[in-house]
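Okay, thanks for having me.

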Amino acid sequence: MVDMTHRDREKKIREFLASPPFGRWNVTDREIELFDTALTHDSYANEETSRGGSSGSYERLEFLGDAVMELIVCEHIFSDTDLSEGAMTDMKKNIVCNDNIAARVRDAMRMDDVILVGEGHKDKRTGRNMIEDCMRADAFEAVLGAVYILYGMDEAKRIVYEIFID
C-alpha cells in the first residue's frame with residue numbers, strides 16, 4: 001500500500017476542517033500541524049518511530065479535550081437543568097461516555113478516513129481504516145483539545161453544543 005504524501009494528508013485535514021461542524025476554510029500551517037497530531041493514533045506514531053520517522057499521537061490532546069468537554073457538559077447541566085447532584089452526574093456520564101461520543105461523531109462528521117492508524121487497524125484487503133469506537137471518541141476529544149488551544153473555549157463550546165446538546 002502506498003503511503004499518503006504530506007500534501008495529500010494536508011488536503012484531507014483541510015477538507016475535514018472545512019466540513020461541519022468546523023467550517024474552517026483558511027487554516028494555517030500551525031493549525032494543520034496540531035490537527036494532524038490530534039488525528040494520529042498511537043499505533044501509527046509508534047510505527048513511524050520504529051521506521052526512523054517522527055510522529056506524535058493524539059494522547060496529550062485527548063487528555064485536554066476530555067477535560068474541556070466535561071467542563072462544557074457540566075456547565076450546561078448545571079445551568080440548564082434543576083437536577084440533583086446525583087442526577088447531574090448520571091446525565092454527564094451519559095453524554096461524555098465513549099459510546100455516546102463515538103455514535104454522535106460517527107453521525108455528525110466523517111472522521112474515520114482522516115485518522116492515521118497503524119497497519120494493525122487497517123483492513124488487510126482494502127487498506128481502509130478500521131476505527132473502533134474508543135479510537136473515534138479519543139480522536140474527537142483530541143480534536144476538541146486542538147480547537148480549544150487554537151480558537152478558545154467559545155468555539156469548543158459551539159462544537160460540543162452542535163453535536164451533543166442542541
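This is a predicted model: local features need pLDDT of at least 70, side-chain atom pairs count only at pLDDT 80 or more; totals for chains, interfaces and linings use all residues.

**The core and its helix contacts**

Residues are numbered from 1 along each chain as its sequence is written, and side-chain values use heavy atoms, with hydrogens and water left out.

Which residues touch the most other members of the largest nonpolar core? Met69, Met111, Phe140 and Phe164, out of 44 residues. By nonpolar core I mean buried Ala, Val, Leu, Ile, Met, Phe, Trp, Tyr and Cys residues joined through side-chain atoms within 4.5 Å. Buried is under 20% relative accessible area, exposed is over 50%, and partly exposed is in between, with a 1.4 Å probe and protein chains only. The elements giving two or more residues to this core are α1 (6-18), α2 (29-38), α4 (59-80), α5, α6 (98-108), α7 (133-151) and α8 (153-165). Helices here are DSSP runs of H or I, at least four residues, numbered from the N terminus. The top contributor is α7, with ten residues.

Now α4 and α8. Their axes come within 10 Å and cross at roughly 70 degrees; axes are lines fitted to C-alpha atoms over the stretch in contact, and angles run from 0 to 180 degrees between N-to-C directions. That is why we call α4 and α8 roughly perpendicular, a label for 65 to 115 degrees. Among the residues making the contact are Met69 and Ile72 of α4, and Val160 and Phe164 of α8.

The contact is made by Asn94, Ile95 and Val96 of α5 with Asn98, Asn100 and Ile101 of α6.

In α6, the buried residues are Asn100, Ile101, Ala102 and Val105. What covers them includes α4, α5, α7 and α8.

Last one: Met91, in α5 (residues 85-96). Buried or partly exposed? Partly exposed, at 27% relative accessible area. Again skipping residues up to four places away in sequence, Met91 touches His76, Ile77, Thr81 and Leu83.

Note on methods
Contact means heavy atoms within 4.5 Å. Angles under 35 degrees count as roughly parallel, over 145 as roughly antiparallel, 65 to 115 as roughly perpendicular and the rest as oblique.
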